[in-house]
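Walk me through this protein, please.

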Amino acid sequence: LLRKGVVSLVFDNQAEAIIEGPAEFEIASENRIRIEYGRLYVVVPQSALGFSVVTANSTIIDLGTEFGVMAGLDGSTELHVIKGKTAMVVANKDQHASLLVGQGTAKRVYGPLASVSDIVVNERLFVRKINLQVDLLWRGDTISLADIVGGGSGFGDGMADGGINPLKGEFEVFSEVVRPSVGP
């Protein structure tokens, strides 16, 4: 049970699962995780092919990919495939269905009836990387080099009047525009 925050789990086969709280999950085996509710992003290398995520109404089987799963308290499941492809097995009490879900696509499975619909993939819905050194949770946003040069993190918090002084090689805030001088 993860009440709040984010945790990264690395399995022995090098599959990585990033879980955002609130979430309830269980490591079912060395190659399987079950999520009752919450958000989960999985990066699966070739060494972990077949890694699976189980929800209330589906099982998502990796076929060499990165994907996010959002399991709702109402029993619904969303699958967003960012890279590669997955197999999604959907089950209710009467029948089972298997779908291939490829890169750039998403599916939603509704509750206990397990009806499936196409939805728009959202690449920024899940935390995809954690960097504790700079206190950063990355959701797939574009990083701006100009913002970094302006003293920011790359996500719009830099200063428009700041930059790297080429004479010192350090960041500084410029109080006025300095015209370059002509020299040898």
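In this predicted model, a search of the whole structure turns up two aromatic pairs. A pair of aromatic rings is described by the distance of the centres and the angle of the planes.

Take Phe11 and Phe51. Their ring centres are 5.0 Å apart and their planes stand at 75°, so the pair is edge-to-face; the cut-off for that class is over 60 degrees. The two residues come from distant parts of the chain, 40 residues apart. Phe11 sits in the loop between β1 (6-10) and β2 (16-29). Phe51 sits in the loop between β3 (32-43) and β4 (52-54). Both Phe11 and Phe51 are buried.

The other pair is Tyr41 with Phe126. Here the centres are 6.3 Å apart and the planes meet at 35°, so the pair is tilted. Tyr41 belongs to strand β3, while Phe126 lies in the loop between β11 (115-119) and β12 (129-131), so the pair ties together parts that are 85 residues apart in sequence. Tyr41 has 1% relative accessibility and therefore counts as buried. Phe126 has 1% relative accessibility and therefore counts as buried too.

The protein has one helix and 15 strands. Of its 184 residues, 37% are buried. Its exposed surface comes to about 10,900 Å², and carbon and sulfur atoms supply 55% of that. Among contacts with a separation of 6 or more, 31% join residues 24 or more positions apart.

Next, the cores. In soluble globular proteins, nonpolar side chains tend to be buried together. The largest nonpolar core in this model has 26 residues. Those with the most contacts inside it are Ile33, Leu40, Phe51, Val53, Phe67 and Leu79. Phe51, then, is also a member of the edge-to-face pair. Strands β2, β3, β6 (66-71), β7 (77-83) and β8 each supply at least two residues of this core. Its largest share, four residues, comes from β3.

Which residues does Leu40 contact, leaving aside its neighbours within four places in sequence? The list is Ala17, Ile18, Ile19, Ile33, Ile35, Val53, Phe67, Gly68, Val69 and Phe126. A second, separate core has five residues, including Tyr41, Ile82, Leu125 and Phe126. Both members of the tilted pair are in this second core.

Met70 is worth a stop here. It lies in strand β6. Not counting residues up to four places away in sequence, Met70 touches Gly38, Arg39, Ser76, Thr77, Glu78, Leu125 and Phe126. Leu125 and Phe126 are members of the second core. Met70 and Arg39 are 31 residues apart in sequence, yet 4.5 Å apart in space, C-alpha to C-alpha.

Two threonines follow. Thr86 is in strand β8 (residues 85-91). With a relative accessible area of 0%, Thr86 is buried. Beyond its neighbours within four places in sequence, Thr86 is in contact with Ile60, Ile61, Leu63, Thr65, Phe67, Leu79, Val81, Leu99, Leu100 and Val101.

Thr55 lies in the loop between β4 and β5 (58-62). Is Thr55 buried or exposed? Its relative accessible area is 3%, so Thr55 is buried. Its side chain makes a polar contact with the side chain of Ser58 at 2.8 Å. Another polar contact joins the side chains of Thr55 and Thr77 at 2.9 Å. Leaving aside neighbours within four places in sequence, Thr55 is in contact with Arg34, Ile35, Val69, Ala71 and Thr77. Thr77 is also touched by Met70.

At a relative accessible area of 71%, Lys4 is exposed. Lys4 and Pro22 are 18 residues apart in sequence and 5.0 Å apart in space, C-alpha to C-alpha.

Finish at a hairpin. Strand β14 (residues 162-165) and strand β15 (residues 170-173) pair in the antiparallel sense over four bridges. Four residues stand between the two strands of the hairpin. In the turn, Gly169 has a positive phi of about 70°.

Note on methods. Residues numbered from 1 in each chain as written. Predicted model: local features only at pLDDT ≥ 70, side-chain atom pairs only at ≥ 80, totals over all residues. Heavy atoms only, no water. Phe/Tyr/Trp six-rings, centres within 6.5 Å; stacked < 30°, edge-to-face > 60°. Buried < 20%, exposed > 50% of the residue type's maximum accessible area, 1.4 Å probe, protein only. Contact = heavy atoms within 4.5 Å. Polar contact = N/O pair within 3.5 Å; in protein donor to acceptor, adjacent residues only side chain to side chain. Areas by Shrake-Rupley, 256 points an atom, 1.4 Å probe, with all protein chains shown as cover. Core = buried A, V, L, I, M, F, W, Y, C linked by side-chain atoms within 4.5 Å. Pairing = 2+ DSSP bridges.
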